[in-house]
Amino acid sequence: MNVNGRRYRTIWLKETDHTVVQIINQLALPHAFEIIDLRSVEDVRRAIKDMYVRGAGLIGAAAAYGMYLAALEAGEGTFEADILRSAAILKNTRPTASNLAWAVDRMLIKMVPGTSVEEIRLVAQAIADEDADSCRRIGLHGAEIIKTIAAKKKGEAVNILTHCNAGWLAFVDYGSALSPLYAAHDSGVKVHVWVDETRPRNQGASLTAWELGRHGVPHDLIPDNAGGHLMQHGMVDMVITGADRVTRCGDAANKIGTYLKAVASKENNVPFYVALPSSTFDFNMRDGLKEIPIEERDAAEVRYISGKTKSGAIETVQICPDSTSARNWGFDVTPARYITGLISEQGICEASEQGILGLYPGGTRT
Ligand code: MRU
């Protein structure tokens with residue numbers, strides 16, 4: 001996507017030095033646009049764990065490049081043991097998004113004796129390229145749904161609510177939930193987005209609002225708890241969220257708070273779509289509530305909030321009494337029965353085993 005007139009992806013290899021991975025520092029957004037270098041597996045581990053990069057697809061691509069750096073770091077006589085250690089380190093960073101383990105495992109298949117580091121680099125590159133292309137195609141499929149709704153709105157904007165950030169910043173490019181919005185907007189369809197702030201890390205306020213603003217898509221930031229009220233008053237035509245893991249039966253893990261939006265959508269007859277690339281499916285799981293691991297993060301993310309002061313300084317402040325403890329689950333699971341449809345690069349299907357296997361015969365990614 002374009003930033004300051006230049007086309008960017010969220011992750012790439014430095015043009016002048018292919019042993020350096022470069023990323024957009026998402027911790028600095030929306031107040032500053034910074035590129036940072038990752039030179040080791042440890043750098044990649046920290047970037048994923050501390051959320052310099054985040055979002056299912058981008059975490060997967062970062063892990064893939066991390067495994068390429070692992071190949072560069074591995075000792076000659078200890079190559080296999082070294083890369084297995086790096087794989088475990090990267091896999092342990094964040095448990096919920098399936099893209100991470102999927103990307104590491106896909107890299108490991110190629111990281112065998114006889115494969116050159118250059119060939120390993122190309123696999124990481126392919127994972128990143130495929131992520132971008134899948135998201136582009138998700139946009140084309142999803143835009144058709146938006147156009148159908150737009151046709152009934154007689155020139156009024158289609159109001160779409162989204163939660164967290166599943167835009168291009170959460171992937172290598174384009175995004176999952178936001179890709180259909182960009183495609184519809186670019187083709188002249190009037191869209192307006194309700195952006196949930198997404199406490200505690202505020203990915204909606206800091207990332208989704210920033211992305212949409214850069215792309216010129218009309219939007220309003222709303223408190224996380226406003227969606228139900230807007231739906232009751234006919235102010236939401238559809239909801240699109242991303243996903244971090246979707247089971248073969250269609251249960252979808254996504255940022256904490258998504259489930260409540262899905263329940264409110266069903267109650268108010270608002271279509272609720274989940275957009276995801278193939279790498280986010282977990283065909284080995286059926287029951288999302290029982291099986292999807294939910295990351296619990298540091299309570300400090302709930303107890304404190306960061307932002308820009310009136311004088312322009314970035315500061316972190318405590319929002320609860322000194323003695324208050326907090327809990328911080330990063331994700332929740334929306335059961336398939338609340339989901340109107342899944343939008344993947346393969347097309348649109350029902351959130352059910354039958355629907356998913358219709359797009360992915362045999363339960364395998366293409
Ligand atoms: O904790 P994050 O920011 O890595 O969470 C991931 C997300 O951005 C959301 O859950 C998103 O909606 C799905 S990932 C594309």
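How many residues surround the ligand, and which are the closest?

**Entry 1. Basis.** I worked from a predicted model, in which local features need pLDDT of at least 70, side-chain atom pairs count only at pLDDT 80 or more, and totals for chains, interfaces and linings use all residues. Residues are numbered from 1 along each chain as its sequence is written, and side-chain values use heavy atoms, with hydrogens and water left out.

**Entry 2. Ligand shell.** I found 17 residues around the ligand, with R54, R94, D244, N254 and K255 the closest; a residue is near a molecule if one of its heavy atoms lies within 4 Å of it. By class, I noted eight nonpolar, five polar and four charged residues in this shell. Here Ala, Val, Leu, Ile, Met, Phe, Trp, Tyr, Cys and Pro count as nonpolar, Asp, Glu, Lys and Arg as charged, and the others, Gly among them, as polar.

**Entry 3. Polar contacts.** I looked up pairs of N or O atoms within 3.5 Å. A polar side-chain atom of N254 is 2.6 Å from an oxygen atom of the ligand. For R94 the corresponding distance to a ligand oxygen atom is 2.7 Å, and for Q203 it is 2.8 Å. The protein covers 100% of the 390 Å² of accessible area that the ligand has on its own (Shrake-Rupley method, 1.4 Å probe).

Entry 4. On a 1 Å grid over the protein atoms alone, a cavity is a set of points where a 1.4 Å probe fits but cannot get out, whereas a pocket is an open set with protein on both sides within 12 Å along at least five of seven lines; lining residues have an atom within 4 Å of a point.

**Entry 5. Largest pocket.** I recorded about 640 Å³ of space in the largest pocket. Its lining has 25 residues, and L27, R201, N202, S206 and S306 lie nearest the centre. The elements giving two or more residues to this lining are α7 (203-215), α11 (300-303), β14 (304-308) and β15 (314-318); helices (H or I, at least four residues) and strands (E, at least two) are DSSP runs, numbered from the N terminus.

**Entry 6. Second largest pocket.** I recorded about 310 Å³ here. The second largest pocket is lined by 21 residues, with W102, E130, S134, S278 and E345 nearest its centre. The largest share of the lining, six residues, comes from α5.

Conventions. A polar contact is a pair of N or O atoms within 3.5 Å; within protein, one must be able to donate a hydrogen and the other to accept it, and residues adjacent in sequence count only if both atoms are side-chain atoms. Grid points are joined across faces, edges and corners, and a volume is the space filled by probe spheres set on the points.
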